[in-house]
Amino acid sequence: MCLNYEALWKTNTVLSNPPTPSLCDSPSAFCKVGVGICYDIRFAELAQLYSRQGCQLLVYPGAFNMTTGPAHWELLQRARAVDNQLYVATASPARDESSSYVAWGHSTVVNPWGEVISKAGTEEEVIYADIDLQYLADVRQQIPITAQRRNDLYSVTSVQRGNS
């Protein structure tokens with residue numbers, strides 16, 4: 001997998017407050033991809049909606065800072081991956097200590113078991129990871145959370161689409 005950093009980083013003009021969640025589901029796509037931006041990774045509900053729509057990979061370009069990065073960046077990626085049994089990829093700018101905003105860095109790919117399978121450091125770097133759809137299916141079969149979800153007790157619905 002290779003993410004075009006320059007295209008992903010222009011989140012303020014490309015992905016600001018989309019009217020509905022952004023999905024990539026073309027017939028030629030390798031897998032179904034959901035896209036969020038930086039702060040969206042904090043909301044389990046958006047990831048759950050993507051999962052229910054069949055996403056196998058969630059991509060979050062983001063720039064956590066030197067306070068939230070060490071505490072939350074990897075933790076949230078691993079949580080979204082495990083909560084929804086899918087791959088999570090994040091793209092972060094490299095750390096620039098001379099900038100007015102210092103990003104944590106550490107672009108990462110996490111598998112559905114919550115394992116970090118590829119991770120950049122703080123410098124500019126390209127990372128690669130295999131998105132293994134058979135492994136994804138195996139994880140979902142081993143712990144069938146989708147089939148065992150307690151929809152009789154709670155539900156997550158999309159306001160824009162009016163469904164879950």
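**Aromatic pairs, nonpolar core and helix packing**

Phe64 and Trp73 are both buried. This assignment, like those below, rests on a predicted model. The rings of Phe64 and Trp73 also pair. Their centres lie 4.9 Å apart. Their planes meet at 55°, so the pair is tilted. An angle over 60 degrees would have been needed for edge-to-face.

The count of aromatic pairs comes to 2. Tyr39 and Phe43 form an edge-to-face pair. Here the centre-to-centre distance is 5.3 Å, and the angle between the planes is 70°. Tyr39 has 54% relative accessibility and therefore counts as exposed. Phe43, at 36% relative accessibility, counts as partly exposed.

In soluble globular proteins, nonpolar side chains tend to be buried together. In the present model, the largest nonpolar core holds 27 residues. Those with the most contacts inside this core are Ile41, Leu57, Leu58, Tyr60, Val88 and Val109. At least two core residues come from each of α3 (44-52), β3 (57-61), α4 (68-84), β4 (87-91) and β5 (108-110). The largest share is that of β3, with 4 residues.

Neighbours within four places in sequence are set aside here. Val88 then contacts Ile41, Leu57, Leu58 and Tyr60, among others. Its contacts also include Gln77, Arg80 and Ala81. Thr108, Val109 and Val110 are in contact with Val88 as well.

Helix α3 was examined next. Its buried residues include Leu46, Ala47 and Gln48. Leu49, Tyr50 and Ser51 in α3 are buried too. Gly54 follows α3 and has a positive phi, near 95°.

Two packed helices are described by the angle between their axes and the distance between the axes. For α3 and α4, the axes come within 10 Å. They cross at roughly 40°. The two helices are therefore oblique to each other, as an angle under 35 degrees would be required for roughly parallel. The crossing of α3 past α4 is right-handed.

The contacts between these helices involve named residues on each side. An α-helix has 3.6 residues a turn, so residues three or four places apart point the same way.

Conventions: Residues numbered from 1 in each chain as written. Predicted model: local features only at pLDDT ≥ 70, side-chain atom pairs only at ≥ 80, totals over all residues. Heavy atoms only, no water. Core = buried A, V, L, I, M, F, W, Y, C linked by side-chain atoms within 4.5 Å. Buried < 20%, exposed > 50% of the residue type's maximum accessible area, 1.4 Å probe, protein only. Contact = heavy atoms within 4.5 Å. Phe/Tyr/Trp six-rings, centres within 6.5 Å; stacked < 30°, edge-to-face > 60°. Axes fitted to C-alpha atoms, helices over the stretch in contact; angles between N-to-C directions. Parallel < 35°, antiparallel > 145°, perpendicular 65-115°, else oblique. Left-handed = near helix turned anticlockwise from the far one by under 90°.
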